[in-house]
Amino acid sequence: MEPFRYHVFICDQQKPEGVPCCSARGSAKVIEALRREINARGLEDEVQITTCGSLGLCEHGPNMVVYPEGVWYSGVNPEDVAELVQSHFGDGVPVERLTRADTAAVRAEILTNREKFLAARRAKETSGALPDDLHDRIRAFQESRAILTGLELDVFTALGDGADAEGLAAKLETNPRSTEMLLNALAALGLLVKEKAVFRNTPVSQRYFCAGSRDNARPALLHMAHLWARWSTLTDCVRAGTAVSSPEAAPPDHDWTEAFIAAMHRNAMERTPHVVRAIGADGIRRMLDIGGGSGAYSIAFAKANPGLHSEILDLAQVTSIAERHIQQAGVGDRVFTRVGDLRSDPLGEGYDLVFLSAICHMLAPEENADLLRRCHAALAPGGRIAIQDFILAPDKTAPRFAALFALNMLVGTQGGSSYSEPEYAAWLGRAGFRDIRHVRLPGPASLMVASA
């Protein structure tokens, strides 16, 4: 079977630093150039690109194999891609200078490299050294911390069209020596490029980390920087059984709230189409959005149903942010805010839909049971509740994101956690809900939906 005229397998294997591999020799740039060139020539329906593990010619990468002919290419650079696409995929003529035509030599090289790999793996196993993937996972905080520091200092915006370390340090009021160390690390991570002594943004950092970019994620990502200090207390939290930094003892400051709501808004904007489609907006006249944050979900439901009115219940420092988004969306005549505390204030009555997104994980089990009882009382007959959260499997070891997020709640709340589908079902059932079901969505969060 040949569903495509050409099928390209290109190695993108990553190996420990110092070990020859296609990734270290620039395979990512070749893959990017290959996809771009194929699309530019209108061949995306004719040529299928599949990244793969090692092809065994590690010292001569980047390597690729093109089927159905089985042509092997080695040492392909981004500069070769236009010629390769035109000649091989356009004219049907392989680029001879890049091909590996000696079958016996290719086979011998692959077998030799395989034996080297197996010998190295046996030696590592005998030595008792940590496996590379485990070692990298343990050290991953270093990469995260370097990026977060770059975001906190707004390094990427400050670089502008390019700057050396001394010039950037003067602009940021940082130490020149340590600034250069940070810039070098960010370049090693592929987020900056360095030409002589001048550092510049990559397309990725320019798009996602720089002020003025439509996709600037820095305001939202600063929430991750704020979480750093809390996660540093995890060991003490496990000993104590709760957060030890008393995050709920004092209200978050303005910068923390802005970053948190920005992060939640960015996540919500990606998820609103899935959520609205799964729940359905038809027939909803009145909606209560408990802890609605930026208002992203209320706005989405209002846009999906011109007859829908939604009320967002949240704290005063949050509703002011929601008002901005509501006005920008042009739904200020149908989406309103109400200052209140979801733990204690009356919820109201007569709603067709009560929606809770990323709320239950902040609360202790007994608080969730109480909240869902009050939600049931707030619904009109036949009304529905929809809970979006990181819902665990019954044994609470999956999904991985939800299991890790439980720790995020441990370090950040007095009694919050990620909860399992059976726990949600039990709370909803005791509150008087029926037709309880778990609706899975793309991404880490899913829905629990039930009727009053």
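This is a predicted model: local features need pLDDT of at least 70, side-chain atom pairs count only at pLDDT 80 or more; totals for chains, interfaces and linings use all residues.
User: Helices here are DSSP runs of H or I, at least four residues in length, and are numbered from the N terminus. Which residue follows α4?
Analyst: Helix α4 covers residues 132-152. The residue named as following α4 has a positive phi, near 60°. That residue is D154.

User: How far apart are the end C-alpha atoms of α4?
Analyst: Helix α4 has 21 residues, and at 1.5 Å a residue the helix should span 30 Å. The distance in the model agrees with that expectation. The end C-alpha atoms are apart by 30 Å.

User: Which helices do the buried residues of α4 pack against?
Analyst: Buried means under 20% relative accessible area. In α4, this describes R145, A146, L148, G150 and L151. The buried residues of α4 pack against α5 (155-159), α7 (176-188), α8 (203-209) and α9 (218-231).

User: What share of the residues of the protein chain count as buried?
Analyst: Let's step back to the whole chain, which holds 16 helices and 15 strands. Its C-alpha atoms fill a box of roughly 80 × 60 × 50 Å along the principal axes. Of the 452 residues of the protein chain, the share that count as buried is 42%.

User: How far apart do the centres of the positive and negative side chains lie?
Analyst: The protein chain has 47 positive and 56 negative side chains. The centres of the two sets lie apart by 2 Å.

Terms used: Residues are numbered from 1 along each chain as its sequence is written. Side-chain values use heavy atoms; hydrogens and water are left out. Helices (H or I, at least four residues) and strands (E, at least two) are DSSP runs, numbered from the N terminus. The expected span of a helix is 1.5 Å times one less than its number of residues. Buried means under 20% relative accessible area, exposed over 50%, partly exposed in between (1.4 Å probe, protein chains only). Contact means heavy atoms within 4.5 Å. Lys and Arg count as positive and Asp and Glu as negative; His and the chain ends are not counted. The place of a charge is taken as NZ of Lys, CZ of Arg, CG of Asp or CD of Glu.
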